[in-house]
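Here is a short walk through one protein model, meant to be read with the viewer open. We start with charged pairs and then move to the helices, the cores and the surface.

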Amino acid sequence: YARALTSLDEAIRLDPASDAAFEQRGAVRYNWADWRRQFGEDPEPMLRMALDDCERAVRLNSARQWNWGKLGEVRIMLAEVRRGRQQEVSSLYDDAVAALDKAVKLAPENHLLAEKLGVARLGQGDTRRADGRDPSSSYEAAIDCFDTSLRLFGRNVRAFEGRGMARVGQAMWIERSGGGITDLCRTAQDDFTKGIAIQEMPSL
C-alpha cells in the first residue's frame, strides 16, 4: 500500500488535475483502511484521507462513474466504523446513497455499482430502524438495487446476501407493530440459500 501511495503521490504532483489519480489514491487508502479494520487497527484516519481524495476526484470530474462509486464506498465504510462505536451515522449513509445514485445513473448497466447502492440503502434503512424511524422506503429501494444487480449478473453472492438482509430488516420493523413476517422470512432465507449455493459451486 505504501509503495502504491508513493507512486500516486508522484502522479498527482505531476498532474494535479488528474481525477483518476485522486480516485485511485482514495481506493488504495480505502483498501488499506479495510486491511487495518480486519486486523483490529483503527481505520478511520486512513478513511478520512480516502474521503478527501474521492471528494477531490468528484470535484475534478463529476462525469466519471468510478469517482462517485468510490466516494460512496468510502462513506459506507466510514459509516460502518462509526456505527460500531455508537456514533451518529445517518448523514453518512444518506451521502453514500447520493454518491452511488449518481454513479448508477452514469453507468446503469454496472451490476457492482447497483449492488453498492443497495448496500448504502440497506445501511440507511438499518440506521433509521435503530432510531425508531420508518425504514420501509430504504429497504424497498435496497431490494430494488439488489434486484437490478442480480438481473445484470445473476451470480452476485453479495447481492443475494444484501437482499436477504433488507428483507430481514423489513421483518424486524413489521414485527414491532405486530405484523406478520412469515413470507418475508421465507424469501430472506431463499436469498441466503441461493448465495450459499453459488459459493459452494465448483469452479470451472
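Which side chain meets that of arginine 37 in a salt bridge? The partner is aspartate 34, at 3.6 Å from N to O. Please keep in mind that this is a predicted model.

**Salt bridges**

Arginine 37 and aspartate 34 both belong to helix α2, three residues apart, or about one turn of the helix. An α-helix has 3.6 residues a turn, so residues three or four places apart point the same way. Arginine 37 counts as partly exposed because its relative accessibility is 33%, and aspartate 34 is also partly exposed, at 24%.

Salt bridges that share partners also tie Asp42, Glu44, Arg48, Arg82 and Arg85 into one network. Over the whole structure, the search finds 22 salt bridges.

| Salt bridge | N to O distance |
|---|---|
| Glutamate 23 and arginine 64 | 3.3 Å |
| Aspartate 53 and arginine 25 | 2.8 Å |
| Arginine 37 and aspartate 34 | 3.6 Å |

The salt bridge between glutamate 23 and arginine 64 links distant parts of the chain: glutamate 23 sits in helix α2 and arginine 64 in the loop between α3 and α4, 41 residues apart. Is glutamate 23 buried or exposed? With a relative accessibility of 9%, glutamate 23 counts as buried, because the cut-off for that class is under 20%.

Aspartate 53 and arginine 25, joined by their own salt bridge, also connect distant parts of the chain, with aspartate 53 in helix α3 and arginine 25 in helix α2, 28 residues apart. Both aspartate 53 and arginine 25 are buried.

Helix α4 has 20 residues, and its first and last C-alpha atoms are 29 Å apart, close to the 28 Å expected at 1.5 Å a residue. Why can α4 be called largely enclosed by the rest of the structure? It is because 14 of its 20 residues are buried. Just after α4, glutamine 86 adopts a positive phi of about 65°.

Helix α5 has 17 residues, which should span 24 Å at 1.5 Å a residue; the 25 Å between its end C-alpha atoms agrees with that. Its buried residues include Leu92, Tyr93, Val97, Ala99 and Leu100. The cover over the buried residues of α5 includes α4 and α6.

**Nonpolar cores**

The largest nonpolar core has 34 residues, and among those with the most contacts inside it are Leu47, Trp68, Leu71 and Leu117. At least two residues of this core come from each of α1 (2-14), α2, α3, α4 (65-84), α5 (90-106) and α6 (111-130). Leucine 71 is in contact with Leu51, Cys54, Glu55, Val58 and Ala99, leaving aside neighbours within four places in sequence. Another core lies apart from the largest one; it has 11 residues, including Phe146, Leu150, Ala159 and Phe160.

**One buried glutamine and a surface patch**

Glutamine 170 is found in helix α8 (residues 157-176) and counts as buried, at 10% relative accessibility. Not counting residues up to four places away in sequence, glutamine 170 touches Tyr139, Glu140, Ile143 and Leu184.

Which residues make the nonpolar surface patch of about 350 Å²? They are Tyr1, Trp35 and Phe39. Phenylalanine 39 is placed in the loop between α2 (19-38) and α3 (44-60), and this residue is exposed, with a relative accessible area of 56%.

Technical notes
Residues are numbered from 1 along each chain as its sequence is written. This is a predicted model: local features need pLDDT of at least 70, side-chain atom pairs count only at pLDDT 80 or more; totals for chains, interfaces and linings use all residues. Side-chain values use heavy atoms; hydrogens and water are left out. Patches are made of residues with over 30% relative accessible area and no salt bridge: like charges are joined within 9 Å, nonpolar side chains (Val, Leu, Ile, Met, Phe, Trp, Tyr) within 5 Å. Accessible areas come from the Shrake-Rupley method with a 1.4 Å probe; for residues, only the protein chains shown count as cover. A salt bridge is a side-chain nitrogen of Lys or Arg within 4 Å of a carboxyl oxygen of Asp or Glu. Helices (H or I, at least four residues) and strands (E, at least two) are DSSP runs, numbered from the N terminus. Buried means under 20% relative accessible area, exposed over 50%, partly exposed in between (1.4 Å probe, protein chains only). Contact means heavy atoms within 4.5 Å. A nonpolar core is a set of buried Ala, Val, Leu, Ile, Met, Phe, Trp, Tyr and Cys residues joined through side-chain atoms within 4.5 Å. The expected span of a helix is 1.5 Å times one less than its number of residues.
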